[in-house]
Amino acid sequence: MNIYELAMEYGHTAELLRGRIHQLEQEKKLTEDEETRLQLDGRIRPLRAMYRETRDVERHLEGYYARIDPEKRRKRR
């Protein structure tokens, strides 16, 4: 696996996290129980942090080749 492929894996993981966050947010909108909403908030918060960190790593890895040779980054897209 090269760095570009690793960046793609991080991107895929970020999308999965984003999807789960969306599911939990929808569930939160539909519930009327305040305790359940608080529990869902508690589940969403760390997922958001994981999502941000995963996206940051993906962007860092994507930019790896651009620092060495900007042409390589353009060709991969």
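This is a predicted model: local features need pLDDT of at least 70, side-chain atom pairs count only at pLDDT 80 or more; totals for chains, interfaces and linings use all residues.
User: Why is E58 called buried?

Analyst: E58, which lies in helix α2, has a relative accessibility of 8%, and since buried means under 20%, the residue counts as buried. Leaving aside neighbours within four places in sequence, E58 is in contact with A7, Y10 and G11. Other buried residues of α2 include R55, L61 and E62.

User: What makes L17, I21, L24, L40, I44 and L47 a nonpolar core?

Analyst: Such a core is a set of buried residues of nonpolar kinds, Leu and Ile among them, joined through side-chain atoms within 4.5 Å, and these six residues form the largest one. Helices α1 (3–30) and α2 each supply at least two residues of this core. In soluble globular proteins, nonpolar side chains tend to be buried together.

User: How do you know that the span of helix α2 is close to the expected one?

Analyst: Helix α2 (residues 34–62) has 29 residues, and at 1.5 Å a residue the expected span is 42 Å, to which the 41 Å from its first C-alpha to its last is close.

User: Which helix has the highest mean pLDDT among the elements of the chain, and which the lowest?

Analyst: The highest mean pLDDT, 97, belongs to α2, whereas helix α4 (residues 70–76) has the lowest, 54. For the chain, the mean pLDDT is 90, with 87% of residues reaching 70 or more.

Technical notes:
Residues are numbered from 1 along each chain as its sequence is written. Side-chain values use heavy atoms; hydrogens and water are left out. Helices (H or I, at least four residues) and strands (E, at least two) are DSSP runs, numbered from the N terminus. The expected span of a helix is 1.5 Å times one less than its number of residues. Buried means under 20% relative accessible area, exposed over 50%, partly exposed in between (1.4 Å probe, protein chains only). Contact means heavy atoms within 4.5 Å. pLDDT is the predictor's confidence in each residue, from 0 to 100.
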